Amino acid sequence: MAAPAPGLISVFSSPQELGASLAQLVAQRAACCLAGARARFALGLSGGSLVSMLARELPAAVAPAGPVSLARWTLGFCDERLVPFDHAESTYGLYRTHLLSRLPIPESQVITINPELPVEEAAEDYAKKLRQAFQGDSIPVFDLLILGVGPDGHTCSLFPDHPLLQRILEDQEENPVPAALVQPHTGKLCWFLDEAAARLLTVPFEKHSTL
């Protein structure tokens with residue numbers, strides 16, 4: 001089977017330029033969704049280096065919309081660890097400290113795990129919270145998902161050769177890394193890369209620079 005289209009690839013001269021453009025993408029997508037029929041914006045966030053990048057750039061990017069718009073945001077997390085929120089590995093905990101303290105998003109609209117539950121119960125509890133937040137949707141559909149990619153190609157805490165992936169990869173090319181499997185059913189896929197990450201690309205991409 002042929003490899004899927006890679007989506008729109010944007011390459012930036014520095015992580016700072018990448019972060020600023022990513023924050024503008026979030027702000028633009030939020031404005032579009034809030035002006036739509038549902039009048040809400042659902043954003044899914046990954047952890048890792050994205051936390052500091054968004055903490056640095058997003059508050060200023062969304063400030064013109066004002067607190068009324070941010071009150072209609074819903075946040076979820078694409079990867080999380082079953083640890084207390086004050087633990088250094090807690091994705092929500094990092095966002096709470098570095099970003100959410102600067103954005104007036106109601107706490108009731110931030111979908112978090114219950115770190116006091118055993119892992120299976122925590123997963124069931126989170127699924128219940130998602131159903132409540134996305135009432136009317138058979139499967140929760142976020143308006144924008146920001147997925148980080150690790151050095152080994154992992155994304156959403158799915159790592160290369162994880163057995164869960166072998167249930168869904170039949171007839172695909174042999175041993176693709178998890179990040180290569182991201183293909184939205186609706187909307188479009190955008191890749192934001194710095195020059196170091198893009199240095200071996202052979203597919204077409206757009207080069208961006210504010211310099």
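**Around Cys33**

Author: Starting with contacts: Cys33 touches Ala39, Arg40, Phe41 and Asp143, leaving aside residues up to four places away in sequence. Contact here means heavy atoms within 4.5 Å.

Reader: What kind of model is this, and how are residues numbered?

Author: This is a predicted model, where local features need pLDDT of at least 70, side-chain atom pairs count only at pLDDT 80 or more, and totals for chains, interfaces and linings use all residues. Residues are numbered from 1 along each chain as its sequence is written, and side-chain values use heavy atoms, with hydrogens and water left out.

Reader: Ok, back to Cys33. Which element is it in?

Author: Cys33 sits in helix α1. Helices (H or I, at least four residues) and strands (E, at least two) are DSSP runs, numbered from the N terminus.

Reader: And is Cys33 buried or exposed?

Author: Cys33 is buried, because its relative accessible area is 10%. The cut-offs are under 20% for buried, over 50% for exposed, and partly exposed in between (1.4 Å probe, protein chains only).

Reader: How far apart are Cys33 and Asp143?

Author: In space, 7.5 Å from C-alpha to C-alpha, while in sequence Cys33 and Asp143 are 110 residues apart.

Reader: Tell me about α1 itself. What span should it have, and what does it have?

Author: Helix α1 covers residues 15-34, and its 20 residues at 1.5 Å a residue should span 28 Å; the end C-alpha atoms are 28 Å apart, which agrees. The expected span is 1.5 Å times one less than the number of residues.

Reader: Which α1 residues are buried?

Author: Glu17, Leu18, Gly19, Leu22, Ala23, Val26, Ala27, Ala30, Cys33 and Leu34.

Reader: Zooming out, how many helices and strands are there?

Author: The protein chain has six helices and six strands. From the N terminus on, the elements run β-α-β-α-α-β-α-α-β-β-α-β. Of the 211 residues in the chain, 36% are buried. Also, among contacts between residues at least 6 apart in sequence, 72% join residues at least 24 apart.

Reader: How many bridges between β2 and β3?

Author: Five, and the two strands run parallel. In one of these pairings, Gly44 has Gly76 in β3 as its bridge partner.

Reader: Switching to α4. What do its buried residues pack against?

Author: They pack against β2 (41-45), α2 (50-62) and β3 (73-77). In α4 (residues 91-98) the buried ones are Thr91, Tyr92, Gly93 and Tyr95.

Reader: Which residue caps the N-terminal end of α4?

Author: Ser90 does, with a side-chain oxygen 2.9 Å from the backbone nitrogen of Gly93.

Reader: How many aromatic pairs turn up?

Author: Five in a search of the whole structure. Phe85 and Tyr92 make an edge-to-face pair, 4.7 Å centre to centre with 75° between the planes. Rings of Phe, Tyr and Trp (its six-membered ring) pair if their centres lie within 6.5 Å; planes under 30 degrees apart count as stacked, over 60 as edge-to-face and the rest as tilted. Ring pairs link Phe77, Phe85, Tyr92 and Tyr95 into a cluster.

Reader: Last one: where's Ile111?

Author: Ile111 lies in the loop between α4 and α5 (119-133), and it is buried, with a relative accessible area of 6%. Residues it touches include Thr74, Leu75, Tyr126 and Phe134.

Key. A polar contact is a pair of N or O atoms within 3.5 Å; within protein, one must be able to donate a hydrogen and the other to accept it, and residues adjacent in sequence count only if both atoms are side-chain atoms. Two strands pair if DSSP finds at least two bridges between them.
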